[in-house]
Amino acid sequence: MNLIFLGPPGAGKGTQAQRLCWDYDVAQISTGDLLRSNISKGTPIGVEADKYIHQGNLVPDELIIGMIKDELKYTLAGGFLLDGFPRTVPQAEALDIVLKEMNFKIDAVLVLDVLSDEIVARLTARRTCPTCGKSYHLIFNPPAKEGLCDIEGSTLYQRKDDNEETVKHRQEIYENQTKPIIKYYEKQNLVHKINGLGKLDDVYYLIKNLLQKIVK
Ligand code: AP5
């Protein structure tokens, strides 16, 4: 099963992707997580990417495409879920070329729809594990022990780009630069829209139901 998750920042892509990957035993490839890992290690990619992420802007396509190509080669075979990539039409075109070269295809593009006010409420109270990347919400999805990751026990942190001003800028970037790729995939008959506004378990139920129908 090969999937792409699309949706505005805070739609729940990472949260739902983690559960799906666990249940279906496929690899989650999150460009946001890869970039943050590069930033924390201080690699040349990380140093460059930090300038953009901090302000809520997209990292340049050439840097992302170079980084993801390497990652895809290692993880494609067992099935994959792309979370946060592609995010521009040039990235989607580059992905098509890589997949064709390797004889893989996308089964579905899932678009999580969430209203703008909900996004701010979700992201300003998000807390993230520095070790495994799992995200929590102080009210909607709190950890069992306050401030600590359920899996790793690490102290949760708040992402630098999760303040209200940057979140609103990221929403604009999504509207202008990422949304056009929905049309790109509609032309390939791959798009399925899901209402991401329900409770975590309800949204997951909608996704699993859909996958049962579309992925053989
Ligand atoms: P990235 O890390 O991909 O961030 P994003 O797309 O903005 O998405 P988020 O991680 O903020 O949200 P999500 O949809 O995963 O939501 P989550 O499940 O955590 O990218 C960060 C930056 O990296 C970008 O701005 C850019 O600079 C750069 N970048 C990354 N990829 C790039 C690319 N391909 N090209 C260029 N630049 C790139 O949920 C959010 C919160 O809501 C959590 O607290 C969660 O617990 C809660 N929640 C989830 N679902 C529900 C629900 N149903 N009800 C209530 N609360 C919920």
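How far is an oxygen atom of the ligand from an N or O atom in the side chain of Arg87? The distance is 2.5 Å. The model is predicted, and all values here are computed from it.

| Residue | Part of the residue | Distance to a ligand oxygen atom |
|---|---|---|
| Arg87 | side-chain N or O atom | 2.5 Å |

Taken alone, the ligand exposes 1,000 Å². The protein buries 97% of that.

The shell around the ligand holds 37 residues. Thr15, Asn57, Arg87, Arg126 and Arg170 come nearest. By type, the shell has 14 nonpolar, 14 polar and nine charged residues. Several elements each supply at least two of its residues, among them helix 1 (13–24), helix 6 (116–124) and helix 9 (200–214). Helix 2 gives the most, with four.

The largest nonpolar core has 30 residues. Those with the most contacts inside it include Ile4, Leu35, Leu82 and Tyr185. Strand 1 (2–6), helix 2 and strand 4 (108–113) are among the elements that give two or more residues to this core. Helix 4 gives the most, with five.

Ile4 shows how the pieces meet. Beyond its neighbours within four places in sequence, Ile4 is in contact with residues including Leu82, Phe85, Leu95, Val109 and Tyr185.

A second, separate core has 23 residues, including Leu112, Leu123, Val167 and Ile194.

Technical notes. Residues numbered from 1 in each chain as written. Predicted model: local features only at pLDDT ≥ 70, side-chain atom pairs only at ≥ 80, totals over all residues. Heavy atoms only, no water. Near = heavy atom within 4 Å. Polar contact = N/O pair within 3.5 Å; in protein donor to acceptor, adjacent residues only side chain to side chain. Areas by Shrake-Rupley, 256 points an atom, 1.4 Å probe, with all protein chains shown as cover. Nonpolar A, V, L, I, M, F, W, Y, C, P; charged D, E, K, R; others polar. Core = buried A, V, L, I, M, F, W, Y, C linked by side-chain atoms within 4.5 Å. Buried < 20%, exposed > 50% of the residue type's maximum accessible area, 1.4 Å probe, protein only. Contact = heavy atoms within 4.5 Å.
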